[in-house]
Amino acid sequence: MEHIEELVKNRRSVRTFDGREVNREDIEKLSSFMEKIENPYQIPVKFKMLDAKEQKLSCPVVSGTNIYVGAKVRRKPHIEEAFGYSFEMLVLYAWSLGIGTVWIGGTMDRAAFERAMELKEDEIMPCVSPLGYPAKKMALKENMMRKAVKADSRLSFETLFFDGSFDVPLSKEKAGKLAGPLEMVRWAPSAVNKQPWRVVVDKNAIHFYLKKNKGFASEAAGNLQKVDLGIALCHFALAAKESGLDSSFGIEDPGIAAGADTEYIATYQI
């Protein structure tokens, strides 16, 4: 893949495709890659290519492609974070091949997709994505959706990241060697661009938290904001590795005082 910063900064969600079939070579590369994807939770995420015509799948916000990729995971703790981490690995790899994607968790015929995924009672399918080559011009509907959620903007560094406690905002200058990986977290995609991650840096420990919003959790899809946290963790881990930082993953709440709407998720130790 390209450098993580180039992939993250250049990638955008794609809902309008140019109508070309994804060529066999790219399909084979994607299929091979998805079989090898791992996440720090060591929870298996099972991917599957889907054909909208053959399997009668519909998604009103997508046009110009019939190929989708779905993924499912067995119900247990931390499945949403594991799903988000693994699915984002595929999303970034697809973009490196010139293939567009968009995270879809709600605007689809979920029942049809779940049938196509052969979902079992003890499994969930938080999201799917179309696969295809981006059209040169976005459809009007896509342009309106992007403007509605301010898709190209992000909260400030100091709003998302903190120094030792939630009372002290962290500046890029103070972040030092962590500024690059944290910036990749800042530019991670999230459901309706809510950017629910908050991070407290305490010496060599980088603690990730979820800033909760209502309306993102369901029995069928799980908690989509925890999926977003998985995406953020993926960005941090890839960027830290590329920066030459040796990091280890763990889940041990450090007990830092946080608001009632803020939930501890995981920690990377540098």
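Contact here means heavy atoms within 4.5 Å. The model is predicted.

Q: Which residues does Asn39 touch, leaving out residues up to four places away in sequence?
A: Asn39 touches Val45, Ala82, Tyr85 and Ser86. Asn39 sits in the loop between helix 2 and strand 1 (46-51).

Q: Why is Asn39 called buried?
A: Its relative accessible area is 7%. Buried means under 20%, so Asn39 is buried.

Q: How far apart are Asn39 and Lys53 in sequence and in space?
A: They are 14 residues apart in sequence and 32 Å apart in space, C-alpha to C-alpha.

Q: Why is Thr101 called buried?
A: Thr101 has 2% relative accessibility. The limit is under 20%, so Thr101 counts as buried. Thr101 lies in the loop between helix 4 and helix 5 (110-116).

Q: What does the side chain of Thr101 make with the side chain of Arg11?
A: A polar contact, at 3.2 Å. Beyond four places in sequence, Thr101 touches several residues, among them Arg11, Val91 and Pro130.

Q: Why is helix 2 called roughly antiparallel to helix 4?
A: The axes of helix 2 (residues 24-36) and helix 4 come within 10 Å and cross at roughly 155°. Angles over 145 degrees count as roughly antiparallel, so helix 2 is roughly antiparallel to helix 4. The crossing is right-handed.

Q: Which residues of helix 2 and helix 4 meet?
A: Lys29, Leu30, Phe33 and Met34 in helix 2 meet Met89, Leu90, Tyr93 and Ala94 in helix 4. By class, this contact has 7 nonpolar, no polar and 1 charged residues.

Q: Why is His78 called partly exposed?
A: Its relative accessible area is 30%. That value lies between the 20% and 50% limits, so His78 is partly exposed. His78 is in the loop between strand 2 (67-74) and helix 4 (79-96). Its phi is near 75°, a positive value in a residue other than glycine. Most residues other than glycine have a negative phi.

Q: What makes Lys203 exposed?
A: Its relative accessible area is 75%. Exposed means over 50%, so Lys203 is exposed. Lys203 lies in the loop between strand 6 (197-202) and strand 7 (205-211). Its phi is positive, near 60°.

Definitions and conventions
Residues numbered from 1 in each chain as written. Predicted model: local features only at pLDDT ≥ 70, side-chain atom pairs only at ≥ 80, totals over all residues. Heavy atoms only, no water. Helix = DSSP H or I, 4+ residues; strand = E, 2+ residues; numbered from the N terminus. Buried < 20%, exposed > 50% of the residue type's maximum accessible area, 1.4 Å probe, protein only. Polar contact = N/O pair within 3.5 Å; in protein donor to acceptor, adjacent residues only side chain to side chain. Axes fitted to C-alpha atoms, helices over the stretch in contact; angles between N-to-C directions. Parallel < 35°, antiparallel > 145°, perpendicular 65-115°, else oblique. Left-handed = near helix turned anticlockwise from the far one by under 90°. Nonpolar A, V, L, I, M, F, W, Y, C, P; charged D, E, K, R; others polar.
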